[in-house]
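Please read this note with the model open beside it. The points below go from the interface to the core and then to the separate chains.

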Amino acid sequence: MSVVADLLVVAGAFLMLLAGLGVLRLPDVLARLQAGTKAASLALACVFAGTATLEPSIGAVVKLALAMLFVFATAPVAGHVIGRAAVQAGVPLWKDTWVDVSPLEFTEEQDGGGPG
Amino acid sequence: MSAVDLALVMLAAGFVAALVRIAIGPTVADRAVAADVCFYAVVAALALLSARLRTAALLDVVLIATTLGFVATISLARLVRRKK
């Protein structure tokens, strides 16, 4: 059991390290966004599962499972909102990045001034 | 050095990498993405510290932080969109 917990915790931390390196090294904001959002939420899932295995009390497991649920529900939405805002704000992109024009046509007036 | 200590060091390394991206930018959107990663690294470190220090109260902090962090990211996205 302890080996499983250690493996999960180290794998999660390694994924978070990869997310940080991806945000640092990738060429433009959309590439950085996908490194930051996907790798970081998988890293959190691994770390939470590892922590729950380390401390298998009912309260800890329920809290960590809830936190994991929140992260899986909100991280993709947050990443999408930032990416859409970046494209709409006209952030300069890398030469090989291809953007579908439809989000560019989705202007503030049509959007109703929502939080994205 | 236990596995949890090693994991905390790796989380710190990821945090520092994202922090460098916040420092060099170049746009607000890059900083928002990097701040998001920094936040996730801190949440993961909190969960690990609750196991390392045997402090169950830190798990409540993790639970609240995951919900509050989403609101923070949404407000950062507003900032990204306003600044050309």
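How many residues of chain A are in contact with chain B, and how many of chain B with chain A? The numbered points start from there.

1. Basis. This is a predicted model, in which local features need pLDDT of at least 70 and side-chain atom pairs count only at pLDDT 80 or more, while totals for chains, interfaces and linings use all residues. Residues are numbered from 1 along each chain as its sequence is written, and chains are lettered from A and ligands numbered from 1 in the order in which they are written.

2. Interface. In the model, 45 residues of chain A are in contact with 46 residues of chain B; a contact requires C-beta atoms, placed from the backbone, within 7 Å. On the chain A side, helices H1 (2–25), H2 (29–54) and H3 (58–88) each supply at least two of the touching residues. H3(A) gives the largest share, 15 residues. By type, the chain A side divides into 32 nonpolar, 9 polar and 4 charged residues. Here Ala, Val, Leu, Ile, Met, Phe, Trp, Tyr, Cys and Pro count as nonpolar, Asp, Glu, Lys and Arg as charged, and the others, Gly among them, as polar. Helices (H or I, at least four residues) and strands (E, at least two) are DSSP runs, numbered from the N terminus.

3. H3(A) packs with H2(B), residues 28–52, at an angle of about 170°, the axes being 10 Å apart. Axes are lines fitted to C-alpha atoms, for helices over the stretch in contact, and angles run from 0 to 180 degrees between N-to-C directions. The angle makes H3(A) roughly antiparallel to H2(B), a term for angles over 145 degrees. From H3(A), the contact uses Leu64(A), Ala78(A), Ile82(A), Ala85(A) and Ala86(A); from H2(B), Ala29(B), Ala32(B), Val33(B), Asp36(B) and Ala47(B). These divide into 9 nonpolar, no polar and 1 charged.

4. Core. The largest nonpolar core has 70 residues, and Met16(A), Ala43(A), Ile82(A) and Ala44(B) have the most contacts inside it. Such a core is a set of buried Ala, Val, Leu, Ile, Met, Phe, Trp, Tyr and Cys residues joined through C-beta atoms within 7 Å. H1, H2 and H3 of chain A and H1, H2 and H3 (57–82) of chain B each supply at least two of its residues. The largest share, 18 residues, comes from H2(B). Leaving aside residues up to four places away in sequence, Ala43(A) touches Gly12(A), Leu15(A), Met16(A), Ala19(A), Tyr40(B) and Ala44(B).

5. Chain A. This chain has 5 helices and 0 strands. The mean pLDDT, the predictor's confidence in each residue from 0 to 100, is 83 for chain A, with 84% of the residues scoring at least 70. Confidence in chain A is lowest in H5(A), residues 108–111, at a mean of 50, and highest in H1(A), at 91.

6. Chain B. Here there are 3 helices and 0 strands. Of the 84 residues, 51% count as buried. The C-alpha atoms fill a box of roughly 45 × 25 × 10 Å along the principal axes.

7. Ile24(B). This residue lies in H1(B), residues 3–24. Ile24(B) counts as exposed because it has 10 C-beta neighbours inside 10 Å.

Terms used. Contact = placed C-beta atoms within 7 Å. Parallel < 35°, antiparallel > 145°, perpendicular 65-115°, else oblique. Buried ≥ 20, exposed ≤ 12 C-beta atoms within 10 Å, placed from the backbone.
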